[in-house]
Amino acid sequence: MKIIMTDTAFKWFKDEMDVENGDSIKFFARYGGASPLHEAFSLGVMKEKPDLVSTETIISEIQFYVEQRDEWFFDGHDLHVSFDSVSEELVYSYKKT
């Protein structure tokens with residue numbers, strides 16, 4: 001699996017989550033909501049130091065990652081992170097690898 005992020009999504013993280021060089025952002029499965037991959041689970045995001053990393057992408061010295069315990073959520077899909085300028089929110093899409 002890969003994490004693919006647009007420049008505008010990366011800017012959102014810098015502006016809204018105050019990420020700086022050396023920070024780590026975790027994508028994780030959380031109970032509640034829904035996703036195209038699983039009912040009753042959605043994608044969470046938080047600033048946190050990694051434990052057991054399954055996959056990562058580093059952009060401008062900032063690590064975006066998924067831990068091994070959350071790999072099941074992606075079910076063989078790459079995570080694409082973009083930004084919708086109309087709703088001013090991140091958009092997550094999943095593409096089969």
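From the N terminus onward, the elements of the protein follow the order β-α-β-β-β-β-α-β-β, which comes to two helices and seven strands, where helices (H or I, at least four residues) and strands (E, at least two) are DSSP runs numbered from the N terminus. This is a predicted model, in which local features need pLDDT of at least 70 and side-chain atom pairs count only at pLDDT 80 or more, whereas totals for chains, interfaces and linings use all residues. Residues are numbered from 1 along each chain as its sequence is written, and side-chain values use heavy atoms, with hydrogens and water left out.

**Overall dimensions**
- The C-alpha trace of the protein spans about 35 × 30 × 25 Å along its principal axes.
- The radius of gyration of the protein is 13 Å, which agrees with the value near 13 Å for a compact globule of 97 residues; the radius is taken over C-alpha atoms, and the globule rule is 2.2 Å times the number of residues to the power 0.38.

**Burial and contacts**
- Of the 97 residues in the protein, 38% are buried, meaning under 20% relative accessible area, with exposed over 50% and partly exposed in between (1.4 Å probe, protein chains only).
- Among contacts (heavy atoms within 4.5 Å) with a separation of 6 or more, 50% are accounted for by residues 24 or more positions apart.

**Ile59**
- Ile59 is found in strand β4 (residues 53–59) and is partly exposed, with a relative accessible area of 22%.
- Not counting residues up to four places away in sequence, Ile59 touches Met5, Phe10 and Phe64.
- Ile59 and Phe10 are 49 residues apart in sequence, with a C-alpha to C-alpha distance of 8.2 Å.
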